[in-house]
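Work through the exercises below with the sequence and the model in view. Each task is followed by a solution in steps.

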Amino acid sequence: MLVSALLMSVGINSCLCVLLFILYSILRKQPHNYEVFLPRRLVAGTSKRRRNKVARYIPSVRWIWKSWRPSEEELMASSGLDGVVFMRMITFSLKVFLFAGIIGVFVILPVNVFGDQLTQINFSDWSANSLDIFSVVNLKTRSPWLWVHFGAIYLVTAFVCCLLYLEFRYIGMKRIEHFHSSKPQPNQFTILVRNVPSSDGATVSDTVDRFFRENHSSTYLSHVVIHRTSKLRSVVDNAKKLYKKVHHKKQADPQRVKKTPMRFFSRKDTPEGHYEKVLQELEHNIRLGQAEVSSPGKEVRAAFVSFKSRYGAAMALHMPQSVNPTYWLTEPAPEPHDVHWPFFSASFMQKWLSKIVIAFACLILTALFLVPVVLVQGLTNLSALEYFFPFLTLILSMKIVSQIITGYLPSLILQTSLKIVPPIMEFLSSFQGHICHSDIQKSACNKVIWFTIWNVFFATVFSGSAFYKLSVILDPKEILFKLAVAVPAQASFFIAYVVTTGWTDTLTELFRVVPFMVSYVKRSLEPTEEEFEVPPMRYHRDTPRVLFFGLLGITYFFLAPLILPFIFLYFVLAYIIYRNQFINVYEPKYETGGMFWPMIHYTMIFSLVLMHGIAIGLFALKKMELATYLLIPLPVFTLLFNEFCRKRFMPIFTAYPAEVLTKRDREDQNDPRMGEFYDNLVSAYQDPALRPLRFSGSRNDSLTSPLLSSTSSEV
């Protein structure tokens, strides 16, 4: 790839960024776009409708300042600890690449440029040079200047490890601080118990109650047995959706409802009373279904068990409950609204088979994704395109066409293909037996991270320049040497990838392209005022993306330091845009308590070890024996540092310490609101499909009484 192609790509994307920033500052002021760009402020009632119509069309950058202004404490109050962890990941990357960028641009880059391994540099026309002159490839074998790269590797590794230690410790302290400052939550007092043993003549509920009253008499409070409600839940969800639409139509325009009933019913001129009749029938059928599901024999041998104190719940969680280790299995309970109910009804065999099927599905998806990767790499090789498509020779000979095809189009195709991966991984993770939505997101996030690393990094490296040079089956003994050859050869592609995919991804996040298009289509078809929900942050979609650019920066900082300024600008854009999204767009739906940080930490450790492996292979190829031997201990020290961090900080992420739990419990003894909290805790984990529902105004039906110990109705 020539410098001219990179300059063209940078110019196009820079102009695009400026234009889109201006367009965004105008679109966000339009009242009909508040649901897309300012949903949090719209729900909170803080979005001001501008009376001056002219001001709506004047670009402004005040939103950048407003995004920059809130402190971390304010961000935690509005977006939770997960939002703080996500932003700390970006600020961590900014620190790393500011330090690495200074070393790379001002020290390593001049050393690479003035090497003479490649052809002589054309100083009169820089755009005619290849990007390889900025990489380590331009240094000769046994060049003494390679010791500069050696020293830079040690410096950056030490800096990154120090930052990782400080960040891990800081997030751990924030986790404890968040626990102390938060209100009492049901999941702090509750555990999930599985494999409840069967007893002759006793129900699951009786068995659970008797066991915990005997063994945890001083702390046991109540329990809720889980029932098989998979089929009933779909019926209830559909009924709720129908009720909300009918109810909204009545409130929006009562006269219109009388004349034009909703299209859920076949009759065109249905009287208003027909709504009540249909809803009463739905309500009656759901009540019958609830009664059937609640009958003996329909229970799952599992229950949510609540305690009077956090310490009591922790003791029951971490202590074996039976001499038979297969009975009374305990695990932490998620927040009530975070519970993923479908897989409670699945048997052990179904869960086991689902994990195997999901593993094969991920492998198949990985294999299928090689198609766009190979296509992308084919576009970077003009000679191959001319060979397979000779009729394109004339078009490809045009300079501007060749620059667009080699510099912009490959990254755009790869970016578009990657958009479908996070939803697919989330869908697959939902069938793995996770009991809460936050665990599904963490599992999907982990899958997307390694999918991206394998399919975008390794597959690109070995299907590009190394495609014709390396064997299809990689020899493990030669893997470092092959990486040392293949990775630097793909430097130009990944530089263009950062400029195109990285910058445009952040702008796509700012514009929320899909919700914006959906909102526009809905307004153009039929203006409605239906209720809308504030969207949650999709951590499994954005966290892997940010981490992958961090991996590229760490891997290429000594190979091709020209990539560092573009990666640093990417993180600057990400910092501004994601802070804006957390403040104005996303509302926390589930809280993991910062559990995404260990995943971030391990990915950064992998990036360092990968960089060390490439460096060892490179120095071996450059015949730098002493430097090669001196680099071998570096990945070992990095892995030992990772093990130290895991032993030192992971216990805080696994469970809260006893002194923290007992301190909160003592504080709660003087809180007059705890009585009401315990009353609500009794029914907090009741299955939503079994809660009493009332869609109609009729109150003379005997089925309207609660089936279980719940006194509240839910619509």
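**Salt bridges and burial**

Glu 643 counts as partly exposed because its relative accessibility is 32%; buried means under 20% relative accessible area, exposed over 50%, and partly exposed in between (1.4 Å probe, protein chains only). This is a predicted model, in which local features need pLDDT of at least 70 and side-chain atom pairs count only at pLDDT 80 or more, while totals for chains, interfaces and linings use all residues. Residues are numbered from 1 along each chain as its sequence is written, and side-chain values use heavy atoms, with hydrogens and water left out.

**Exercise 1.** Find the salt bridge between Arg 646 and Glu 643, and state where both residues lie.

Step 1. A salt bridge is a side-chain nitrogen of Lys or Arg within 4 Å of a carboxyl oxygen of Asp or Glu. The closest N and O atoms of Arg 646 and Glu 643 are 2.6 Å apart.

Step 2. Both residues lie in helix α27 (residues 633–654), 3 residues apart, about one turn of the helix. Helices (H or I, at least four residues) are DSSP runs, numbered from the N terminus.

Step 3. Arg 646 is partly exposed because its relative accessibility is 35%.

**Exercise 2.** Are Glu 167 and Arg 88 buried or exposed, and which helices does their salt bridge link?

Step 1. Between Glu 167 and Arg 88, the closest N and O atoms are 2.8 Å apart, forming a salt bridge.

Step 2. This pair links distant parts of the chain: Glu 167 is in helix α6 (residues 146–181) and Arg 88 in helix α5 (residues 72–113), 79 residues apart.

Step 3. Both Glu 167 and Arg 88 are buried.

Notes: Helices (H or I, at least four residues) and strands (E, at least two) are DSSP runs, numbered from the N terminus.
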